Amino acid sequence: MESDKLGKEQMGRLIFRMALPTVTAQLVNLLYNIVDRIFIGHIPEIGDTALTGVGVVHPIIVIISAFSAFFGNGGAPLAAIALGKGDRQRAERILGNCVTMLTALSFLLPTVVLIFMKPLLGVMGASNATIGYATDYLTIYLFGTLSVLLTMGLAPFIVAQGRSKMVMTATVASAAANIVLDWLLVNVFSWGVRGAAIATVVSQTISAVWFLLFLCKKADSIAIKPKNLKLDWHILGAIAALGISPFVMSSTESLIGFVMNSGLQSYGGDVYVGCLTVMQSVMQFVSVPMSGFTQGVTPVISYNYGAGKRDRVISGIKIVFGVMVTYNFIIVLSSMLFPGFFARIFTDKEALIELTVRSMPVFMSGMLIFGIQRSCQTIFVALQQAGSSLVVALLRKVILLVPLAIILPRLGLGAFGIYLAEPIADAAAATICGILFACKFKKMLNKCA
């Protein structure tokens, strides 16, 4: 089976063979949000306002997508560990339970959001000028929730079988469709934010169907089988223990969006909310490829951990740190040195560009060392260290960033204080996380049978 190679192939070559397709897939997947925002931001006359409206929607989209991280990133490492132990039946039960939960949530979550949409958008920082664009985009996006959750939740299970190239192919195809549809619906038919939302939903549906067809085949390492769709509370508990960390990492973006957008609206207005949208989009150039690398490398480390191959686990950990810390530093430094270049990707409004040029070097500075935290977080999840992973997930956003974003503006720093909260939280979290990892490293490896 393809998954057997995870325990035999030379570690460096294996990791890059697995990670390159997932990084490519995530980079292409980044186009879903980035291309939407580029097309929307350059709509004549209303582009900056429409872009701000879509930025307001982002925290709600993030919390919906976080459930795919809960089950995909929580279940896939467990499935990889089971495969490493030769227990294919358990791996398939984990996959089946995740499919059932993702499907159920795809109906429950949109229902709740649709009922409370306008109040939610209000607290997220929508103004009278932007709430119409936010409502248009979110309403259409919600009807594609099933496709979004299945696409993002099933991809890690396919990677866990050693089929990362398949994930890349499906993602590239759907992203290409997204670009074409964005151009057609936004530019040619002038459907604005509605057209961008339709393009995203159709494109995600392509990936979801592709992944389902693959996972329903019986010939591969693990497959979706009707008998495994019945919920097993013991398995769900194991998934939840590991999945809570990536869920918190993702879902707290929604909390941050609420705190920062509402604060910026109060202290600065729409232009400051729009500036945050641009800077958070640039942050995705940093975080999304690293998420792709994580997705590719986690099953490799988990499989070898389950198989008791200590030397291969150590080799994988060294590669993770080397790649993620280096990449993170280079991209963040580029954004700090050339903020105007990045700002003009999303808007041609001089007021918004000027504010972004002033703010981005400070906003991004704490992320220079953030590759340390992302590396530690990846390894904690891969080695089934649920408690440590959860602490790391909560530290940066809930414990540090949210309180700072509330307190600093009140100290006379105004809207800029909200921007300043980001680098302080990033740098502090990365430092603390690195210390925690150093303290637990030997103990974690001792559990590698």
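A nonpolar core is a set of buried Ala, Val, Leu, Ile, Met, Phe, Trp, Tyr and Cys residues joined through side-chain atoms within 4.5 Å. Buried here denotes under 20% relative accessible area, exposed over 50%, and partly exposed the range in between, with a 1.4 Å probe and protein chains only. The model is predicted: local features need pLDDT of at least 70, side-chain atom pairs count only at pLDDT 80 or more, and totals for chains, interfaces and linings use all residues. Residues are numbered from 1 along each chain as its sequence is written, and side-chain values use heavy atoms, with hydrogens and water left out.

**Nonpolar core**

The largest nonpolar core has 134 residues, of which Leu 121, Tyr 137, Leu 138, Phe 293 and Met 364 touch the most other members. Helix H15 contributes the largest share of this core, 19 residues. Helices (H or I, at least four residues) and strands (E, at least two) are DSSP runs numbered from the N terminus. Contact means heavy atoms within 4.5 Å. When residues up to four places away in sequence are not counted, Phe 293 touches Ile 15, Phe 16, Ala 19, Thr 22, Val 23, Ile 319, Val 320, Val 323 and Met 324.

**Buried positions in helices**

Helix H15 spans residues 386-446 and includes Asp 426. The relative accessible area of Asp 426 is 0%, so this residue counts as buried. Apart from neighbours within four places in sequence, Asp 426 is in contact with Gly 366, Met 367, Phe 370 and Arg 396.

Ala 66 is located in helix H2 (residues 47-84). Ala 66 is likewise buried, because its relative accessible area is 0%. Its contacts, leaving aside neighbours within four places in sequence, are Phe 247, Ser 250 and Ser 251. Phe 247 also belongs to an aromatic cluster with Phe 67, Phe 70 and Phe 71.

Helix H3 (residues 88-115) contains Asn 97, and Val 99 lies in helix H3 as well. Asn 97 has 1% relative accessibility and therefore counts as buried; Val 99, with a relative accessible area of 9%, is buried too. Not counting residues up to four places away in sequence, Asn 97 touches Asn 228, Lys 230, Leu 231, Asp 232, Ile 235 and Leu 236. Under the corresponding exclusion of neighbours within four places in sequence, Val 99 is in contact with Leu 154, Ile 224 and Leu 229.

| Residue pair | Separation along the chain | C-alpha separation |
|---|---|---|
| Ala 66 and Met 249 | 183 residues | 8.1 Å |
| Val 99 and Leu 149 | 50 residues | 9.5 Å |
| Lys 227 and Thr 347 | 120 residues | 51 Å |

Lys 227 is placed in the loop between H8 and helix H9 (233-267). Its relative accessibility is 65%, so Lys 227 counts as exposed.

**Aromatic pairs**

Rings of Phe, Tyr and Trp (its six-membered ring) pair if their centres lie within 6.5 Å; planes under 30 degrees apart count as stacked, over 60 as edge-to-face and the rest as tilted. By this rule there are 13 aromatic pairs. Tyr 272 and Tyr 419 form a stacked pair, with 6.2 Å centre to centre and 25° between the planes. This pair links distant parts of the chain, as Tyr 272 is in helix H10 (residues 270-306) and Tyr 419 is in helix H15, 147 residues apart. Tyr 272 counts as partly exposed because its relative accessibility is 23%, whereas Tyr 419 counts as buried because its relative accessibility is 1%.

**Largest pocket**

On a 1 Å grid over the protein atoms alone, a pocket is an open set of points with protein on both sides within 12 Å along at least five of seven lines, where a 1.4 Å probe fits; lining residues have an atom within 4 Å of a point. Grid points are joined across faces, edges and corners, and a volume is the space filled by probe spheres set on the points. The largest pocket has a volume of about 150 Å³. Its lining comprises 14 residues, and Ile 43, Ile 46, Ser 190, Trp 191 and Gly 192 lie nearest its centre. Helices H5 (131-142), H7 (164-188) and H8 (192-215) each supply at least two lining residues; H8 gives the most, with three.

Ser 190, one of the residues nearest the pocket centre, lies in the loop between H7 and H8. At 57% relative accessibility, Ser 190 is classed as exposed. Most residues other than glycine have a negative phi. Ser 190, although not a glycine, has a positive phi of about 55°.
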